[in-house]
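Work through the exercises below with the sequence and the structure in view. Try each task before reading its solution.

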Amino acid sequence: MTPNLQRLEYHPAINFESNIALDGHKVLNCGNLYEAIDTVSTTLTELKLSVEFYALEAGVDESAGDHVEWGIRDSLGNMSKFQNLRTLHVPFVMLLGWSCDASPDLDILLPSGLRELGLSSDMTGWYNWDWEREVMVQHTTSFLHRRSGSLRKLMLREDRGLGMFVAHRRATMKSLCHATGVEFEWVKNQYDL
């Protein structure tokens, strides 16, 4: 990676049926990804991430995570030292991990100067995804309550039409954003934040 990198987009599509393996498995290891981008923590201003797992054959089990041979491993972890980062678009699963058991609050993980945050519900349709929709919404609203000043825009992307941000949740989020001076945008069933 270039030491002066300012903008990075990374959107892998991983065929979990394939014999091609990443890290010895068909996974996206977010801990390793963090180590790679940590080298540009002082210069990075924009980071956009997503991941798509797919199978060419119908009927393949949609389960993933830390305990199987494919899926998301680890999390990006604490991004607070990325002090020049102004735009971050990332799936909940990459930022907070597969399991919600020990997940810290967003305001602890994110840099204080962040101006635009895009969160997506990628992976909510997978059978053993630990995160309840309401818990993801609580994490987001808690972040908005605690975050001061710098955040200007919150974008939430709903994947697979699973109702994470149903009308009443969107209305609550929009109202909270308005009260805190943050622009709110909700995107449904689109694959680019």
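**Exercise 1.** State what share of the residues in the chain is buried, and describe the chain as a whole.

*Solution.* Step 1: the model is a predicted one. Step 2: of the 193 residues in the chain, 51% are buried. Step 3: the accessible surface of the chain is about 9,200 Å², and carbon and sulfur atoms account for 47% of that surface. Step 4: the chain contains 5 helices and 10 strands. Step 5: take the contacts between residues at least 6 apart in sequence; 79% of these join residues at least 24 apart.

**Exercise 2.** Find which strands pair with β4, and in which sense.

*Solution.* Step 1: β4 covers residues 46-49. Step 2: strand β1 (residues 7-10) pairs with β4 in the parallel sense, over 4 bridges. In this pairing, Arg7 stands opposite Glu46. Step 3: strand β7 (residues 87-91) also pairs with β4 in the parallel sense, over 3 bridges. Here Glu46 stands opposite Thr87. Step 4: look at the side chains of β4. Glu46 and Lys48 point one way, while Leu47 and Leu49 point the other way. All four are buried.

**Exercise 3.** Determine whether Thr140 is buried or exposed, and list its contacts beyond four places in sequence.

*Solution.* Step 1: locate Thr140 in helix α4 (residues 133-146). Step 2: the relative accessible area of Thr140 is 0%; buried means under 20%, so Thr140 is buried. Step 3: leave aside the neighbours within four places in sequence. Thr140 is then in contact with Phe92, Leu106, Leu119, Leu154, Leu156 and Met173.

**Exercise 4.** Count the aromatic pairs, and classify the arrangement of the rings of Tyr34 and Phe82.

*Solution.* Step 1: ring centres must lie within 6.5 Å for a pair, and the count is 1 aromatic pair. Step 2: the ring centres of Tyr34 and Phe82 are 5.9 Å apart, and their planes are at 65°. Planes over 60 degrees apart count as edge-to-face, so this pair is edge-to-face. Step 3: Tyr34 belongs to helix α1 (residues 30-38), and Phe82 to the loop between β6 (70-73) and β7; the pair therefore ties together parts that are 48 residues apart in sequence. Step 4: Tyr34 is buried, at 17% relative accessibility. Phe82 is buried as well, at 0%.

Technical notes. Residues numbered from 1 in each chain as written. Predicted model: local features only at pLDDT ≥ 70, side-chain atom pairs only at ≥ 80, totals over all residues. Heavy atoms only, no water. Buried < 20%, exposed > 50% of the residue type's maximum accessible area, 1.4 Å probe, protein only. Helix = DSSP H or I, 4+ residues; strand = E, 2+ residues; numbered from the N terminus. Pairing = 2+ DSSP bridges. Contact = heavy atoms within 4.5 Å. Areas by Shrake-Rupley, 256 points an atom, 1.4 Å probe, with all protein chains shown as cover. Phe/Tyr/Trp six-rings, centres within 6.5 Å; stacked < 30°, edge-to-face > 60°.
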